[in-house]
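Try each task on the structure before reading its solution.

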Amino acid sequence: QVQLVESGGGSVQAGGSLRLSCAASGYTYSNYCMGWFRQAPGKEREGVAVIYTDVGNTYYADSVKGRFAISQDNAKNTLYLQMNNLKPEDTALYYCAARYCSSHNWIRTDRGAYNYWGQGTQVTVSS
């Protein structure tokens with residue numbers, strides 16, 4: 001059974017930084033794509049970053065490009081999201097997610113493509 005557990009959320013002021021972690025268990029790290037999503041109250045869940053774990057390719061939504069960085073530690077089976085220069089509009093519940101993928105379809109930010117989800121961690125950015 002695949003399990004994903006996020007941590008690292010919190011409250012920061014605009015311009016600050018946070019690093020989210022997602023500890024994964026129950027599967028091997030190969031042939032998987034991992035993603036970070038977020039959902040603000042009243043809004044759709046948005047995919048903000050994806051990593052193709054086999055080769056380390058990354059993708060970012062325009063809203064976070066240049067400020068967020070997704071990375072992985074294969075030895076620890078842990079996914080990270082480094083968030084810098086945070087803005088109030090980044091306030092949301094952040095989820096990590098996983099799915100089987102290949103080099104042909106690794107960029108997917110629609111929630112329906114992902115099979116496994118964590119419980120979420122709250123990020124609040126004040127102005």
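**Exercise 1.** Determine which residues Arg38 is in contact with, leaving aside its neighbours within four places in sequence.

*Solution.* Taking contact as heavy atoms within 4.5 Å, the search returns Glu44, Arg45, Glu46, Val48, Ser63, Val64, Phe68, Glu89, Asp90, Ala92, Leu93 and Tyr94. This is a predicted model, in which local features need pLDDT of at least 70 and side-chain atom pairs count only at pLDDT 80 or more, while totals for chains, interfaces and linings use all residues. Residues are numbered from 1 along each chain as its sequence is written, and side-chain values use heavy atoms, with hydrogens and water left out.

**Exercise 2.** Decide whether Arg38 is buried or exposed, and find its side-chain polar contacts with Asp90 and Tyr94.

*Solution.* Buried means under 20% relative accessible area, with a 1.4 Å probe and protein chains only; Arg38 has 7% relative accessibility and therefore counts as buried. Next, a polar contact is a pair of N or O atoms within 3.5 Å, where within protein one must be able to donate a hydrogen and the other to accept it, and residues adjacent in sequence count only if both atoms are side-chain atoms. The side chain of Arg38 meets that of Asp90 at 2.8 Å and that of Tyr94 at 3.0 Å.

**Exercise 3.** Classify the ring pair of Phe37 and Tyr114.

*Solution.* Rings of Phe, Tyr and Trp (its six-membered ring) pair if their centres lie within 6.5 Å, with planes under 30 degrees apart stacked, over 60 edge-to-face and the rest tilted; six aromatic pairs result. For Phe37 and Tyr114 the centres are 5.1 Å apart and the planes at 80°, so the pair is edge-to-face. Finally, Phe37, Tyr95, Tyr114 and Trp117 form one aromatic cluster.

Key. Buried means under 20% relative accessible area, exposed over 50%, partly exposed in between (1.4 Å probe, protein chains only).
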